[in-house]
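Please read them with the structure open beside you.

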Amino acid sequence: FISLLKATGEVVQSGGDLSISGQGRRTANYIADGVSMTGREIRTLDGGFGGGSGLSLETIKELQVITNGFKAETGQTGAGTISIVTKSGTNRFEGSGFAYFRPTRFVGDNPITEQRPVKQDRHQLGAVLGGPIVRDKTHFFGAWESTRVNGESTVTSVLEPGTFPNQSHINQGFARIDHRFNES
C-alpha cells in the first residue's frame, strides 16, 4: 500500500525512498485502525513494516495522509501521519481472489542494450473473505497473500563478479473480528 501514498500529492519519491513533507518515511507516524504502528516491534530498521511489505492492498478500506494541522492524538511526527482503516466483515459473506504471474520469458529485451533480462519470475496469489459470525453483532474479515520471486542478481564487483540466485517467499495474513456488545 505504500505505493498508494504517492497518489495523494503529499508524498513524493526521493531517490529510492518516499519523502513526506520533505522528510524521510521513518519520521512519519503510521496509524492503523487507531493504533500506532510506529514502534520498532512492528517496523523494520529501514522504516518499512514488519517483513517489509506492510498491509495487503486487499485489507485497506481508507488511506489518509495528514501533513499539517495535526490533532494531539495523531501528532508524534515531524513529517506527517499516515492513517489506515482496514476492512471489516458485513452481514453478507463476500470475498475475492487474485493471481498475478510474470515469468521472465514474457519480459522483453532491453531496447537500448538489446540484452535479455535477468531471471525474475514473480507469482503472487491472494484472497479475502468477510462475513457474519452472529448477524448484526459479530463479523469477521480475513486476508491472505503469498508472493514468490525466483530471480537472479548480477554482481559486477571486481572481487567476485557473477550472477547469483535471488529467491524470496513472503506469506502474509490479516484477520479481524468486530463485535458490538450493545446499542450504546
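1. Start with histidine 139, which is found in strand β10. The model is a predicted one. Is histidine 139 buried or exposed? Its relative accessible area is 13%, and the cut-off for buried is under 20%, so histidine 139 counts as buried.

2. The side chain of histidine 139 has a polar partner: it makes a polar contact with the side chain of asparagine 91, at 2.8 Å. Setting aside neighbours within four places in sequence, the residues in contact with histidine 139 include Gly89, Thr90 and Asn91.

3. Strand β10 covers residues 138–155. How many bridges join strand β10 to β11? There are 18, and the two strands run antiparallel. For a place to look along this pair, take tryptophan 144, which stands opposite glycine 173 in β11.

4. With a relative accessibility of 12%, threonine 147 counts as buried. Beyond its neighbours within four places in sequence, threonine 147 is in contact with Arg122, His123 and Gln124, and with Ser168, His169 and Ile170.

5. Leaving out neighbours within four places in sequence, its contacts are Ser96, Gly97 and Phe98, together with Gly142, Ala143 and Trp144. Trp144 is the tryptophan that stands opposite glycine 173 in β11. The C-alpha atom of alanine 127 is separated by 7.2 Å from that of glycine 95, a residue 32 places away along the chain.

6. The structure holds 4 salt bridges. In one of them, the side chains of arginine 176 and aspartate 33 meet, with 3.5 Å from N to O. Why does this pair tie together parts that are 143 residues apart in sequence? Arginine 176 lies in strand β11, whereas aspartate 33 lies in the loop between β4 (29–32) and β5 (35–36). Both residues are partly exposed: arginine 176 has a relative accessibility of 21%, and aspartate 33 has one of 37%.

7. Another salt bridge joins glutamate 94 and arginine 92, whose closest N and O atoms are 2.8 Å apart. Glutamate 94 has a relative accessible area of 40% and is partly exposed. Arginine 92, at 55% relative accessibility, counts as exposed.

8. Glutamate 183 and arginine 180 also form a salt bridge, the closest N and O atoms being 3.4 Å apart. Here glutamate 183 is exposed, at 69% relative accessibility, while arginine 180 is partly exposed, with a relative accessible area of 39%. Elsewhere, salt bridges that share partners join Asp33, Arg176 and Asp178 into one network.

9. Now the chain as a whole. Its secondary structure comes to 0 helices and 11 strands. Of its 184 residues, 31% count as buried. The protein chain exposes about 11,800 Å², and carbon and sulfur atoms supply 53% of this area.

10. One last figure concerns contacts along the sequence. What share of the contacts between residues at least 6 apart in sequence join residues at least 24 apart? In the protein chain, the share is 54%.

Conventions
Residues are numbered from 1 along each chain as its sequence is written. This is a predicted model: local features need pLDDT of at least 70, side-chain atom pairs count only at pLDDT 80 or more; totals for chains, interfaces and linings use all residues. Side-chain values use heavy atoms; hydrogens and water are left out. Two strands pair if DSSP finds at least two bridges between them. Helices (H or I, at least four residues) and strands (E, at least two) are DSSP runs, numbered from the N terminus. Buried means under 20% relative accessible area, exposed over 50%, partly exposed in between (1.4 Å probe, protein chains only). A polar contact is a pair of N or O atoms within 3.5 Å; within protein, one must be able to donate a hydrogen and the other to accept it, and residues adjacent in sequence count only if both atoms are side-chain atoms. Contact means heavy atoms within 4.5 Å. Accessible areas come from the Shrake-Rupley method with a 1.4 Å probe; for residues, only the protein chains shown count as cover.
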